[in-house]
Amino acid sequence: MRFFLDTANLEEIRSSISMGVVSGVTTNPTLVAREGVRDFHSHVKKIAQMVDGPVSAEVISLEADGMVAEARELAALRDNVVIKIPMTPEGMRAVKVLSSEGIRTNVTLVFSPQQALLAAAAGASYVSPFVGRLDDIGEDGIGLVRDVAEVFSIHGIETEIIAASLRHPKHVIDSAMAGAHIATVPYKVLTSLFHHPLTDQGIDRFLKDWQELSKANG
Ligand code: E4P
């Protein structure tokens with residue numbers, strides 16, 4: 001399973017890329033608004049230049065024609081830009097057109113395996129089941145990822161599954177076990193994955209033993 005970073009913050013992207021563990025970025029209008037971005041296109045371009053892998057940027061229009069027009073402009077910024085399209089009938093009309101033009105799409109706000117199947121049928125490159133938001137309403141977010149992975153596997157569907165709306169480390173490992181191809185994680189979740197108390201204790205112990213040895217050797 002690969003990791004994408006779920007953010008529009010350039011510092012977080014720079015830091016994660018340098019750690020060598022992140023191969024793409026996902027954004028959404030909330031994340032972009034949080035950064036106080038004035039020029040959306042130039043911000044997306046900056047991100048796309050920082051990352052070799054896919055960078056998802058979301059359209060705002062609700063009608064297919066508007067989505068397609070926005071998507072063409074975003075896709076022209078750099079060839080790793082992927083267009084995030086909401087899971088609606090108009091959205092799937094747009095996905096069909098964009099896929100015929102070779103523009104990659106990430107269908108977002110997916111909350112059922114049926115929606116994931118529709119996205120794949122329309123030609124989506126990625127689907128994003130939202131784990132945390134389903135958990136928030138007392139449903140089973142990881143169960144959704146598992147069902148989508150199973151149904152895609154049964155039918156040989158190549159659309160990749162991005163487990164999204166991940167809130168903590170357990171969501172990440174559970175998504176991997178459930179068959180997600182990619183986990184998109186906020187920076188805080190990514191950095192929390194590194195930590196284990198025994199790793200910290202181990203480093204501490206090695207350093208102390210090394211210092212003792214240095215002292216003994218004068
Ligand atoms: C990513 O593609 C989604 O936009 C994001 O993971 C949503 O996360 P949230 O439910 O925490 O807002």
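**Close-up views of a predicted model**

**View 1. A pair of buried aromatic rings.** Phe-4 and Tyr-126 are both buried. The model you are looking at is predicted, and it holds two aromatic pairs. In the pair shown here, the ring centres of Phe-4 and Tyr-126 lie 6.4 Å apart with their planes at 70°, so this pair is edge-to-face.

**View 2. Two separate nonpolar cores.** Let's step back to the packing of nonpolar side chains. The largest nonpolar core has 55 residues, and Ile-83, Ile-85 and Val-107 make the most contacts inside it. Helix 8 (residues 141-154) supplies the largest share of this core, seven residues. Phe-4 and Tyr-126, the ring pair of the previous view, belong to a second, separate core of five residues, which also includes Ile-162 and Ile-182.

**View 3. The surroundings of Val-107.** Beyond its neighbours within four places in sequence, Val-107 touches a list of residues that includes Ile-85, Met-87, Met-92 and Val-95. Ala-119, Ala-124, Tyr-126, Val-127 and Ser-128 are also in contact with Val-107.

**View 4. Lys-84, an annotated position.** UniProt lists Lys-84 under "active site", in an unreviewed entry. You will find Lys-84 in strand 4 (residues 81-86). Is this lysine buried or exposed? Its relative accessibility is 4%, and buried means under 20%, so Lys-84 counts as buried. Setting aside neighbours within four places in sequence, Lys-84 is in contact with Thr-26, Thr-27, Asn-28, Ser-56, Ala-57, Glu-58, Val-59, Asn-106 and Thr-108. With Thr-27 there is also a polar contact: the backbone oxygen of Thr-27 lies 2.9 Å from a polar atom of the Lys-84 side chain.

**View 5. Helix 1 and its buried side.** In helix 1 (residues 10-19), look for Leu-10, Ile-13 and Ser-16, which are buried. Why do these three share a side of helix 1? They cover an arc of only 130° around the axis, which puts them on the same side. Among the elements covering the buried residues of helix 1 are strand 1 (2-6), strand 2 (22-26), helix 3 (40-50) and helix 10 (187-192).

**View 6. The two ends of helix 1.** At the start of helix 1, a side-chain oxygen of Asn-9 comes to within 3.0 Å of the backbone nitrogen of Glu-11. Just after helix 1, Gly-20 adopts a positive phi of about 80°.

Conventions: Residues numbered from 1 in each chain as written. Heavy atoms only, no water. Buried < 20%, exposed > 50% of the residue type's maximum accessible area, 1.4 Å probe, protein only. Helix = DSSP H or I, 4+ residues; strand = E, 2+ residues; numbered from the N terminus. Arc of directions from axis to C-beta. Contact = heavy atoms within 4.5 Å. Polar contact = N/O pair within 3.5 Å; in protein donor to acceptor, adjacent residues only side chain to side chain. Phe/Tyr/Trp six-rings, centres within 6.5 Å; stacked < 30°, edge-to-face > 60°. Core = buried A, V, L, I, M, F, W, Y, C linked by side-chain atoms within 4.5 Å. UniProt positions renumbered as here; feature names shortened; annotations may be inferred.
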